[in-house]
Amino acid sequence: MPDAIDLLKTRRSVKPRDMSGAGPAPAELETILTIGSRVPDHGKLAPWRFIVFEGDGRSRAGEVIAKVFAQKNPQATEAELEVEKKRLTDAPLVIGVVSFTRPHPKVPAFEQELSAGASAMNIVTAATALGYGAAWLTGWFCFDRDVLSGFGLKPDEKLAGLIHIGTPSKPNEDRPRPNLSEIVTRF
């Protein structure tokens with residue numbers, strides 16, 4: 001397992017199309033989800049939950065996406081529908097991070113949403129620490145109520161993102177990162 005600081009300094013998203021092979025074993029998935037639930041959570045509200053898409057569940061999710069796409073785009077070609085059907089099939093595992101807020105006198109909705117974001121990042125980091133590639137992605141379907149309903153989300157729930165996890169099929173190159181002098185100020 002890599003040193004924590006080295007891991008955080010070198011973590012890089014891996015495109016799902018660059019993932020192959022097996023995903024996390026059941027015990028590793030449990031570890032990833034446990035770490036996903038260990039985030040700052042003012043008020044202990046747990047304003048997030050997870051949906052695991054694996055095996056044929058990834059294809060069933062793609063069918064939901066394609067059906068909604070076809071309804072909203074009646075002129076869609078068969079090739080376009082195939083793209084929609086395969087949205088979650090490149091990586092062997094996809095974890096949806098569902099965000100919701102609860103009224104609370106001391107914990108604004110924004111803090112609760114940030115907790116869901118922290119959960120997503122912990123999932124990415126845990127998967128990376130276990131030697132997998134991971135990418136936190138969204139797309140039109142992550143914001144479409146009909147797709148979200150098809151995934152089992154309640155009307156007051158949002159999808160913070162989909163974390164694609166798998167074995168990288170090639171070395172991952174870093175991308176340019178912000179220069180600290182351009183993003184840091186002192187008060």
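Ala-46 sits in the loop that runs between H2 and S2. This model is a predicted one, so keep that in mind as you work along.**Exercise 1.** Work out whether Ala-46 is buried, partly exposed or exposed.

*Solution.* Step 1: take the relative accessibility of Ala-46, which is 29%. Step 2: compare this with the limits, under 20% for buried and over 50% for exposed. Step 3: Ala-46 therefore counts as partly exposed.

**Exercise 1.** Describe Lys-44 by its place, its phi and its accessibility.

*Solution.* Step 1: Lys-44 belongs to the loop between helix H2 (26–36) and strand S2 (48–54). Step 2: its phi is positive, about 50°, although Lys-44 is not a glycine. Step 3: Lys-44 has 76% relative accessibility and therefore counts as exposed.

**Exercise 2.** Characterise the largest pocket by volume and lining.

*Solution.* Step 1: the largest pocket holds about 230 Å³ of space. Step 2: it has 13 lining residues, and Pro-16, Arg-87, Asp-90, Leu-137 and His-164 are the closest to its centre. Step 3: sorted by class, its lining has six nonpolar, two polar and five charged residues.

**Exercise 3.** Do the corresponding analysis for the second largest pocket.

*Solution.* Step 1: the space in the second largest pocket is about 200 Å³. Step 2: among its 13 lining residues, Ser-13, Val-14, Lys-15, Asp-18 and Asn-172 lie nearest its centre. Step 3: the lining of the second largest pocket divides into six nonpolar, two polar and five charged residues.

Key:
Residues numbered from 1 in each chain as written. Predicted model: local features only at pLDDT ≥ 70, side-chain atom pairs only at ≥ 80, totals over all residues. Heavy atoms only, no water. 1 Å grid on protein atoms, 1.4 Å probe; cavity = no way out; pocket = protein on both sides within 12 Å on 5 of 7 lines; lining within 4 Å. Points joined across faces, edges and corners; volume = space filled by probe spheres on them. Nonpolar A, V, L, I, M, F, W, Y, C, P; charged D, E, K, R; others polar. Helix = DSSP H or I, 4+ residues; strand = E, 2+ residues; numbered from the N terminus. Buried < 20%, exposed > 50% of the residue type's maximum accessible area, 1.4 Å probe, protein only.
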